[in-house]
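Dear colleague,

I am passing a structure on to you, and my notes on it follow directly below. Please read them with the model open beside the text.

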Amino acid sequence: MKKIFAFLFALCCTAAPHAETLKMKNGDLITGSILSQTEYTLNLATSYGNITLNQREIEEILPDKHRLILKGGTQLVGVILDMDEFNLKLQTDDGSTVNVDMPQIVSIETYDYDRGEKAQQQIVEQQIERQQQQAAAQAQAAVRTETKQVEAAGGLSFDSDIDQVFDAKKATVVNGAVVTPSAAVQQAAPRPLTDEEAFLRNVKSGQVTQQEYASAAKEELSAKKPAKQEAKPAVKQKEKNFSKYFSVQAGAMPLDLKLSNSARPGFETEEGSADVGGTSVAVSSKFLWRVKESNLWLGPVLGVGNVPNNSFEDRDQAVLKANNDALNPPDGGTPKEEPYPDPTVKTSGQILTFGAAAHYYVNPESRFAFYLAVSAAYEMLKLNYRGEINSKEINSNGFAGSAGLGVETWVDDVMVGLEVRQVFAKRSDDLKDSSASNTVIQAQLSWKF
């Protein structure tokens, strides 16, 4: 008989030689047969169809386990280390080794990780239901035993629940009176506890080993313990996933512009240059590409700014003298009814730059990413000179460079940041007295894709 049982067990173990259980990093368990695998993927045949898994999502391939069902209902789960026709050696989940006599084993089956917890839960629920039924039966029997007898008409004595407790018996006449023997309720002998029921009641039955009790306790706790839901981490953008960058910037640039000529070319006054600058509104845009997989990004940049409105009095002495002579004729004649035109000059202008820009990120994976920003561009500045005596356009074109520092942070799918740069541009001609360095401060909205 033992040899037959060993043969059946060997046949059971070979029924699914390639069945494996994969534990995923998110806690899921998937059972199937491995068809093929590479360094990056694994093809698995399951009962629902073939699937392809990412090797990085697999935590481990669980070892083959078997479930032993013993006489009395006790179940053991573990890895079979050795087996012969008399004895089976099993290693449980807690690392202990259990020796089980073959005659005590009712059946052996491959352990299903997906259904193990549900099966254990079902066993516990069945045990609790049986205990409740036994307690209800004992309480009902006790009530029946304590029920008082009722004297009926005709001298018959019977229990109030006689039809459910015992069969009716014939009356006997004693000394002219009809009497009935008192009914006695015979309570069935209590059923012996199974090994699992004894364990739940903390009673040692003596039919299983201490290791088996430990294994059963561990399975019971695992069945009652709620599944731990792994918190999903916040989505973190990976720098290596992006190769293009686009940004829109807007800010201010204090512009220091000095106009050395007031009206006529080549004329300079003794009072110095006129201030035609101010705080300029600067808007720019960048489109950059990542250089291979480095922290360096390169691409074109386009910027537009304005020169604020200014006004000043023309300092050309000839213009001032002509105006004064019109109001106060030197020959003592009558002043003109209409004075010489007003010498006030008004200016405004625009700045256009286009060239190349570069970003070098110092800590691209951090919450706040800092980068070095540099650019080289061609700048075209046009100043509109508007006076009643003389009007013209003053141009100053040339190359400009900038260097500074920026910082960005992710907000959902976009980035917001701030950039500060120092712009260097040498002015020419009528604006040669202007400062060659100005500071630009810009807020920016950018995307990486």
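A residue is called buried here when its relative accessible area is under 20%, exposed when that value is over 50%, and partly exposed in between. Please keep in mind throughout that this is a predicted model.

By that cut-off, both glutamate 379 and arginine 427 are buried, and the two form a salt bridge in which the closest N and O atoms are 2.1 Å apart. Glutamate 379 belongs to strand S21 (residues 368-387), whereas arginine 427 sits in the loop between S23 and strand S24 (437-448), so this pair ties together parts that are 48 residues apart in sequence.

As for the chain as a whole, its secondary structure comes to 6 helices and 24 strands, and 30% of its 449 residues count as buried. Among the contacts between residues at least 6 apart in sequence, 60% join residues at least 24 apart. The accessible surface comes to about 27900 Å², and 55% of this belongs to carbon and sulfur atoms.

Side chains of opposite charge can pair when their charged atoms come close. The structure holds 5 salt bridges, and one of them is formed by lysine 286 and glutamate 419, with the closest N and O atoms 3.1 Å apart. Because lysine 286 lies in strand S18 (residues 278-290) and glutamate 419 in strand S23 (residues 414-425), the pair ties together parts that are 133 residues apart in sequence. Are these two partners buried or exposed? Lysine 286 is buried, with a relative accessible area of 4%, and glutamate 419 is buried as well, with a value of 1%.

A further salt bridge is the one in which the side chains of lysine 392 and aspartate 430 meet, at 3.5 Å from N to O. This pair links distant parts of the chain, since lysine 392 is in strand S22 (residues 391-411) and aspartate 430 is in the loop between S23 and S24, 38 residues apart. Lysine 392 counts as partly exposed at 21% relative accessibility, while aspartate 430, at 18%, counts as buried. Salt bridges that share partners also join Lys286, Glu419 and Arg421 into one network.

On the surface, Lys25, Arg56, Lys238 and Lys240 gather in a patch of positive charge. Of these residues, lysine 240 is found in the loop between helix H5 (210-224) and strand S15 (244-255), and it is exposed, with a relative accessible area of 65%.

There is also a nonpolar surface patch of about 460 Å², which is made by Val248, Val411, Val416, Leu445, Trp447 and Phe449. Valine 416 has its place in strand S23, and with a relative accessible area of 33% this residue is partly exposed.

Finally, a note on one loop: proline 63 lies between strand S5 (58-62) and strand S6 (66-70), where it is partly exposed at a relative accessible area of 45%. The C-alpha atoms of proline 63 and leucine 22 are separated by 9.3 Å, and these two residues are 41 residues apart along the chain.

Conventions
Residues are numbered from 1 along each chain as its sequence is written. This is a predicted model: local features need pLDDT of at least 70, side-chain atom pairs count only at pLDDT 80 or more; totals for chains, interfaces and linings use all residues. Side-chain values use heavy atoms; hydrogens and water are left out. A salt bridge is a side-chain nitrogen of Lys or Arg within 4 Å of a carboxyl oxygen of Asp or Glu. Helices (H or I, at least four residues) and strands (E, at least two) are DSSP runs, numbered from the N terminus. Buried means under 20% relative accessible area, exposed over 50%, partly exposed in between (1.4 Å probe, protein chains only). Patches are made of residues with over 30% relative accessible area and no salt bridge: like charges are joined within 9 Å, nonpolar side chains (Val, Leu, Ile, Met, Phe, Trp, Tyr) within 5 Å. Accessible areas come from the Shrake-Rupley method with a 1.4 Å probe; for residues, only the protein chains shown count as cover. Lys and Arg count as positive and Asp and Glu as negative; His and the chain ends are not counted. The place of a charge is taken as NZ of Lys, CZ of Arg, CG of Asp or CD of Glu. Contact means heavy atoms within 4.5 Å.
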